[in-house]
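These entries record what I looked up in one structure.

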Amino acid sequence: MLSKSLRLDPRKRQLFTLIPYLKKYQAKLIIGATMVLLTNIVAVVSPWILRNAIDRLYLDISRDILLYYASLLIAASAVEGLFRFLMRRILIGVSRNIEYDLRNDLFSHLLSLSPSFYQRNPTGDIMSRATNDLSAVRMVLGPGIMYSINTLFTAVLTISILVTLNLQLAILTLLPLLAVSVCVKYFGNQIHQRFERIQEQFATLTTLAQENVSGIRVVKAYNQEEAFIGRFQEANQDYVDRSLSLVRVWGVFNPLLTFLLGLSSVGLLWYGGRQVIQGSMTVGDFVAFMAYLSMLTWPTIALGWVINIFERGSASMGRMNQIFQSRPEIRDESSSTLSTLEGHIQVKNLTFSYNGAPVLKNVSFEIPAGQTLAIVGRTGSGKSTLVNLLCRLYQVPEAGIFIDGSDINNIPLETLRTHIGYVPQETFLFSETVQQNIAFGRPEASLQSIQESAKISNIWPDIQEFPRKFETFVGERGITLSGGQKQRIAISRALLVNPRILILDDALSSVDTDTEEKILQGLAGEFTNRTVILISHRISTVKMADQILVLEKGEIVERGTHDELLKTEGHYATLYERQLLKKELGVE
Ligand SMILES: Nc1ncnc2c1ncn2[C@@H]1O[C@H](COP(=O)(O)OP(=O)(O)OP(=O)(O)O)[C@@H](O)[C@H]1O
Ligand SMILES: [Mg+2]
């Protein structure tokens with residue numbers, strides 16, 4: 001679920017979000033509404049023609065006259081059909097346009113949000129808001145708006161005609177319709193609440209499915225298919241139950257409307273029929289009255305349907321608004337126009353916690369521009385956290401990190417991120433070609449520079465063996481790469497942006513020591529003219545660094561060069577000896 005801190009506005013307001021979107025298509029909406037009006041005007045003509053035709057039956061009837069009325073009726077319905085077509089075409093078209101705008105806005109808003117948002121909110125939940133809820137909102141924009149306008153015009157036109165035709169009869173037959181509005185109010189609330197619960201459950205279901213599909217290997221390896229199928233069935237059952245609870249309300253609501261409409265017809269037959277018998281009403285008037293009354297049937301039923309659409313739409317819009325109202329935690333707040341960085345990093349008394357106990361405690365160090373810093377330390381000691389902060393992926397405490405003397409919070413995000421090449425601990429490749437993956441940060445890069453960076457990270461020989469070399473698709477649509485291959489592609493990706501600051505978070509963990517050796521040789525040239533931060537569990541990776549930090553439970557416990565640290569005979573020296581021993585024993 002999206003975090004509870006996001007309070008829902010009162011439900012009626014949810015759809016206000018759509019106002020700016022509707023304004024954009026104001027002109028089209030007005031034309032569309034005009035078409036609705038024209039459709040209705042033409043529609044009320046037909047019963048009138050029928051009335052005249054029937055009354056003529058009692059006077060002088062001939063084949064020609066019948067033919068005349070018949071052609072009038074045909075012409076009227078043809079014109080009505082044309083207007084109805086235009087009305088749908090224009091109004092439904094607008095709803096598709098707004099849906100397109102909304103979807104784009106939602107997507108770009110999602111991309112602006114910080115990683116912490118995605119930590120709080122399951123992917124499946126976000127997905128269901130972006131798809132299922134969006135279509136519920138689209139229904140408001142299309143059929144919702146179209147049928148509301150239509151109902152309004154039809155009601156106004158036909159009711160005025162009914163009143164003119166026969167006031168008493170009109171009052172009698174329209175009374176039951178008044179009861180409709182009472183029902184609508186009661187049922188509207190019910191529909192809204194139940195639909196909200198359905199959408200919530202759908203999100204849970206999507207999350208469950210998405211996590212199982214993504215984690216299929218783990219599910220299978222632990223033989224948990226049955227268990228998860230069971231859990232899915234439970235959630236699915238809950239979804240069905242919730243849907244059925246809506247169906248029940250809807251199932252009572254609809255027949256109730258039909259019943260009230262039926263009462264109308266009873267009134268017409270009883271009172272109108274008597275007037276015809278007494279001769280105070282012509283048969284033509286009676287037939288026309290009946291036709292007009294039946295023209296109200298559909299809008300009345302549609303009214304219920306439209307209410308349903310609006311209730312669902314506002315529940316869904318509320319769920320989308322929660323996303324729209326989430327603000328990126330990390331934003332550019334300073335007016336600095338700094339556009340280049342040298343790469344001189346200072347970390348001063350940095351203490352940081354995600355939410356609770358500090359993960360980094362009083363960390364201070366300095367890396368002169370162009371030097372290499374290595375960080376070693378046990379798992380969970382805060383290494384990745386530290387470099388995430390250097391990329392400002394999380395909120396950095398004031399005066400904790402400085403680059404070229406500026407507080408990192410005052411450096412424009414774009415400047416910061418274009419100057420950092422970051423290979424995260426968990427590599428992510430897109431379902432695109434190898435080439436597109438490497439060129440991710442610089443899509444315009446020349447093939448030559450892409451190949452160059454592939455050589456440095458030593459992925460080049462592997463690519464030569466891929467079926468379509470650089471054009472090979474990876475991921476779901478293509479070949480599956482090994483962990484080490486993915487890491488090397490990620491390194492090439494980072495190198496290609498030619499960053500001032502290069503951060504490798506355990507980026508060589510999945511390759512063997514020989515390959516590591518080759519990659520390091522390749523990288524050596526890259527390290528000379530930029531600031532590098534290397535995180536590793538292997539001494540072999542870090543020993544050439546200008547400075548090595550040993551992190552332990554968020555604190556720096558040792559620092560110095562390889563040789564200095566060996567002399568200290570502390571954690572680092574122990575780690576070194578252990579790894580040396582392993583190497584000699586040939587464990588690695
Ligand atoms: N996004 C997060 N939200 C909350 N806690 C986190 C988050 N990321 C990491 N932690 C916690 O912070 C601590 C440090 O994690 P971090 O990933 O920085 O360790 P690390 O040194 O990189 O470990 P490893 O060597 O296993 O990669 C851990 O206790 C971890 O549980
Ligand atoms: Mg880590």
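I looked up Y354 and found it partly exposed, at 36% relative accessibility, whereas Y394 is buried at 15%; buried means under 20% relative accessible area, exposed over 50% and partly exposed in between, with a 1.4 Å probe and protein chains only. The model is predicted, so local features need pLDDT of at least 70 and side-chain atom pairs pLDDT 80 or more, while totals for chains, interfaces and linings use all residues. Residues are numbered from 1 along each chain as written, chains are lettered from A and ligands numbered from 1 in written order, and side-chain values use heavy atoms, without hydrogens and water.

I searched the whole structure for aromatic pairs and noted 11 (ring centres of Phe, Tyr and Trp, its six-membered ring, within 6.5 Å; planes under 30 degrees apart are stacked, over 60 edge-to-face, the rest tilted). Y354 and Y394 pair edge-to-face, 5.2 Å centre to centre with 85° between the planes. They lie 40 residues apart in the chain.

S384 belongs to helix α10 and Q425 to the loop between β6 and α12. S384 has a relative accessible area of 21% and Q425 one of 39%.

Finally, I inspected α16 (residues 513–528) and recorded a kink of about 35° centred on G522.

Terms used: Helix = DSSP H or I, 4+ residues; strand = E, 2+ residues; numbered from the N terminus. Expected span 1.5 Å × (residues − 1). Bend = angle between axes of the 7 residues up to and from the residue.
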